[in-house]
Amino acid sequence: MATLRESQWVHLETCEALESKVACILKELGDSMKQMMKCNAKGCVSEQLKTVREDLSFIISTSKIAQLEDDQVLAIASFVFLHKEMIGKVEELVKEMEELGKIAGFRTPITALSS
C-alpha cells in the first residue's frame, strides 16, 4: 500500500509541475501580447511544450496500472487526455500569436550580447 501512495505522490508532483509549466507558457504569451513583442515561440515555448508532452508520457509509463483501481486508472487516463488536448490548444495559440505578431508588426526582443 505504501508503494501505491508513493506512486500517487509522484503523480501529484508531476501533475503540479505540468500545470506550472503550462501556466508559465501562457503567461509568456500574454506578456508578449501586452508588450507587442514577438515571442520566441519556435524556440523556448515549443521546447517547453515538448517537455510537457514528454512528462505526460512519463505519467503513463510510470503508472503501475495493475496495482491501481479502475477509478484511479480512469482518473490518470482522463488527466493525460485532457492535458494533451490542452497542450494542442496552446500550440494552436502559439501559431496564432506568431501570425498576429507578423500582422501587427510586433517588435523583436533585443537580446544582450555576450562579452
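Student: What percentage of the 115 residues in the protein chain is buried?

Tutor: Buried residues make up 28% of the 115. Buried means under 20% relative accessible area, exposed over 50%, and partly exposed in between, with a 1.4 Å probe and protein chains only. This is a predicted model, where local features need pLDDT of at least 70, side-chain atom pairs count only at pLDDT 80 or more, and totals for chains, interfaces and linings use all residues. Residues are numbered from 1 along each chain as its sequence is written, and side-chain values use heavy atoms, leaving out hydrogens and water.

Student: What pattern does the protein chain follow along the sequence?

Tutor: The pattern is α-α-α. There are three helices and zero strands. Both are DSSP runs numbered from the N terminus: helices are H or I, at least four residues, and strands are E, at least two.

Student: What makes a set of residues a nonpolar core?

Tutor: Its members are buried Ala, Val, Leu, Ile, Met, Phe, Trp, Tyr and Cys residues, joined through side-chain atoms within 4.5 Å. The largest one here has 20 residues, and Leu 49, Leu 56, Ile 59 and Phe 79 have the most contacts inside it. Its largest share, seven residues, comes from helix 3.

Student: Which residues does Leu 49 touch, beyond those up to four places away in sequence?

Tutor: Ile 25, Ile 87, Val 90, Glu 91 and Val 94. Contact means heavy atoms within 4.5 Å.
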